[in-house]
Amino acid sequence: MHIARPGQLCLRPRHPVQLRLFHTLLYIPLQIHGGSSTHPPMLCWLHRSNRLISTNTRLLYRRYSSVEQVLEKPFYVTTPIFYPNAVPHIGHLYTIVTADIIARHARLTRPDRPVYFMTGTDEHGLKIQKAAKEKGLEPSVFCDQLSEHFRALAEKADTSHTRFLRTTEQAHHEAVQDVWRKLDAKGLIYKGSHQGWYSISDECFYTDSQIKRVDTPVGPSVVSIETGSTVEWMEEENYKFRLSAFRDALLERYQTDARVIFPPHQHSVVLDMLSSPLEDLSISRPRSRLHWGIPVPNDPDHTMYVWFDALTVYLTATGYPWGKNSAKDVMSAWPPNLQIIGKDIVRFHAIYFPAMLLALDFPLPQRLLAHSHWTVNRLKMSKSIGNVADPIQAIDIYGVDLVRYYLARVGGHFKNDVDWSIEQLEKFTFELQSLLGNFYLRINSAAIRKRLPQGAPASSSSILESCRDLPELRDIVSDLVRLSLDVDAHLSELRVADALDEIIKQLQAANQMLTVTEPWSKNTPSEKVEQICALSLELLRICGILLQPFTPSKATQLLDALGVPADKRGWTQAGFCGGPIGSVQPSVKLFQPRPPVPE
Ligand code: MSP
């Protein structure tokens with residue numbers, strides 16, 4: 001029996017005795033070690049009928065035709081689903097780009113494992129009902145129009161999502177009703193009366209201690225302390241979910257594993273939320289108030305609460321209710337390896353949704369990344385202030401990769417809110433253009449080429465290895481040896497900005513090295529010029545591979561220009577001397593002059 005590298009299960013009964021054993025045993029326990037966020041430890045049993053059952057995903061139950069096949073749960077990453085009550089802004093782009101970086105990294109590091117990446121739109125609820133009414137449109141027509149903007153943004157942003165899910169889809173409707181019925185059957189839903197302060201904008205109830213009275217230019221108002229959105233008093237009969245019963249289980253989960261929520265201060269926020277008893281959650285609204293939503297099974301007078309509906313989307317995307325399409329649904333993707341959300345919706349994802357899953361007896365998502373927000377002029381983006389940053393316009397002007405680069409470089413720490421500004425975007429645009437684009441042109445310049453013995457750079461392991469002997473090149477070699485490991489470690493721990501920073505530091509060092517060693521100068525021996533060129537191209541090859549999650553199309557252009565074959569661009573090839581360079585095109589401009597910025 002062969003135990004594969006971390007996180008991977010590869011069964012190869014090569015020897016006849018092993019083969020016999022394999023057929024005789026009912027279940028073969030296989031320990032797979034793991035240890036990062038993206039590769040959690042997993043214990044699997046292989047049934048003699050070739051069905052694989054894993055303990056961390058009790059529902060993982062797939063039939064494999066060949067024991068030679070590599071078996072592991074797909075990597076599943078989710079974004080929140082966006083309210084299509086207005087066109088998307090830069091914060092929405094940021095959420096989906098962050099998820100895309102993680103998804104692409106997962107594919108590059110483990111090409112044998114499928115990656116599911118879900119995003120979409122959250123189309124029911126009072127907020128949408130109201131916005132549609134204001135536009136004089138039927139909610140369904142309104143959603144069809146607005147949802148397209150989010151789909152178009154995801155495509156324009158070059159994200160590699162595998163499912164764009166709308167909550168108005170029939171499949172989702174069935175999934176939500178199934179969840180409701182299951183919880184009801186377990187006695188976890190009851191009818192009660194509810195009173196509290198409801199915010200249509202936040203789509204949630206607040207208690208007395210969560211609101212404050214304020215004076216506004218149009219008179220006194222009541223707002224949520226947390227979000228500042230207006231609330232109104234509501235008293236109504238609705239269905240409730242026994243959320244209170246799950247506090248201890250949630251507390252235990254978060255107390256025993258702090259890594260489940262990142263960054264760490266969000267973990268503390270959740271522990272704080274759980275420090276006092278939880279109230280049961282209202283999960284329906286009278287149909288008379290909210291008609292735009294999924295009806296409660298067997299009670300046409302009630303519509304499901306939009307968050308109950310929306311959170312279930314993560315299940316829907318895996319083909320839930322599982323098993324309905326016999327073989328080909330994607331149930332084995334459950335649970336999500338990572339859920340990416342903004343800090344404003346932590347309560348829903350760290351408390352309400354896990355409680356629903358515990359109630360259903362389903363495995364919990366493995367990790368939650370709760371990022372901070374983008375502001376503009378240090379203020380929350382808002383139509384009334386007129387400071388909403390348009391992601392489509394930014395991409396049209398600067399190009400998708402430079403916008404993605406800026407979002408990851410500045411926003412990839414996730415801890416504090418960050419401010420969107422054209423000056424900063426320009427600054428970081430310039431950084432990548434000069435560190436990467438100019439470096440490429442410099443190293444391929446005629447002035448350097450003519451100093452090479454064959455007039456073109458030659459790259460071989462022996463030349464590269466010999467760079468270790470030159471004091472000016474030695475450090476770059478040792479950094480390059482570690483680079484892919486360091487970037488991987490950062491990304492596996494969700495330190496997106498730190499991962500990118502490692503690559504940038506490497507490019508800075510390379511530019512500096514070129515300035516110091518002057519390969520264009522007659523005083524530099526041609527043998528040394530050859531070493532400098534070989535090392536520079538190797539550095540570009542490695543950085544090109546590692547930049548793929550962040551700036552996918554620039555990275556592709558770079559790797560194309562270096563002649564790196566398409567099947568040699570994975571993380572395993574990103575080691576020093578880890579992959580080939582082909583015929584290099586010397587005059588490729590990675591960055592073109594951009595159109596003028598409109599006033
Ligand atoms: N529909 C709910 C999510 C349901 S998930 C089952 C929702 N939608 S939203 O459109 O308001 O927000 C979607 C995501 O965008 C959230 O993660 C939110 O935090 C994020 N952002 C909204 N404004 C943002 C910024 N200004 N900056 C960064 N992210 C922002 O909540």
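**Entry 1: Thr515**

I began with Thr515, which lies in helix 17 (residues 496–517). Helices here are DSSP runs of H or I with at least four residues, strands are runs of E with at least two, and both are numbered from the N terminus. Before going on I noted that this is a predicted model, where local features need pLDDT of at least 70 and side-chain atom pairs count only at pLDDT 80 or more, while totals for chains, interfaces and linings use all residues. Residues are numbered from 1 along each chain as its sequence is written, and side-chain values use heavy atoms, with hydrogens and water left out.

The scale is under 20% relative accessible area for buried, over 50% for exposed and partly exposed in between, with a 1.4 Å probe and protein chains only.

I then checked what Thr515 touches: leaving aside neighbours within four places in sequence, Thr515 is in contact with Arg442 and Trp520. Contact means heavy atoms within 4.5 Å. I also wrote down that the Thr515 side chain reaches the backbone oxygen of Asn511 at 3.0 Å. That is a polar contact, meaning a pair of N or O atoms within 3.5 Å; within protein, one must be able to donate a hydrogen and the other to accept it, and residues adjacent in sequence count only if both atoms are side-chain atoms.

**Entry 2: Arg541**

My next stop was Arg541, in helix 18 (residues 526–547). Arg541 counts as buried because its relative accessible area is 0%. Which residues does Arg541 touch, not counting those up to four places away in sequence? I listed Leu559, Leu562, Val564, Gln573, Gly575, Cys577, Gly578, Gly579, Pro580 and Ile581. For Gly575 I have a distance too: its backbone oxygen lies 3.0 Å from a polar side-chain atom of Arg541.

**Entry 3: the ligand**

Then I turned to the ligand, which is surrounded by 24 residues. The closest are Ile81, Asp122, Gly342, Asp344 and Trp374.

A nitrogen atom of the ligand is 2.7 Å from a polar side-chain atom of Asp122. A ligand nitrogen is also 2.9 Å from a polar backbone atom of Trp374. A ligand oxygen is 3.1 Å from a polar backbone atom of Tyr83.

How much of the ligand's own accessible area does the protein cover? I noted 93% of 660 Å², with areas from the Shrake-Rupley method and a 1.4 Å probe. Strand 5 (75–82), helix 2 (90–109), helix 8 (306–311) and strand 18 (338–342) are the elements that give two or more residues to the shell. Helix 2 gives the most, with four residues.

By type, I have 13 nonpolar, nine polar and two charged residues in the shell. Nonpolar here covers Ala, Val, Leu, Ile, Met, Phe, Trp, Tyr, Cys and Pro; charged covers Asp, Glu, Lys and Arg; the others, Gly among them, are polar.

**Entry 4: strand 19 and its partners**

I went on to strand 19, which pairs with strand 18 in the parallel sense over four bridges. Two strands pair if DSSP finds at least two bridges between them. The bridge partner of Ile340 is Leu369 in strand 19. On strand 13 (residues 261–262), Phe262 stands opposite Leu369, and two bridges join this strand to strand 19 in parallel.

Which way do the residues of strand 19 (residues 368–371) point? Leu368 and Ala370 point one way, Leu369 and His371 the other, and all are buried.

I counted on 10 bridges between strand 8 (residues 189–199) and strand 12 (residues 232–241). Among the pairs, Tyr198 is the bridge partner of Glu232 and Gly196 that of Met234. Strand 12 pairs with strand 14 over two bridges, where Lys240 stands opposite Ser282.

Definitions and conventions: A residue is near a molecule or strand if one of its heavy atoms lies within 4 Å of it.
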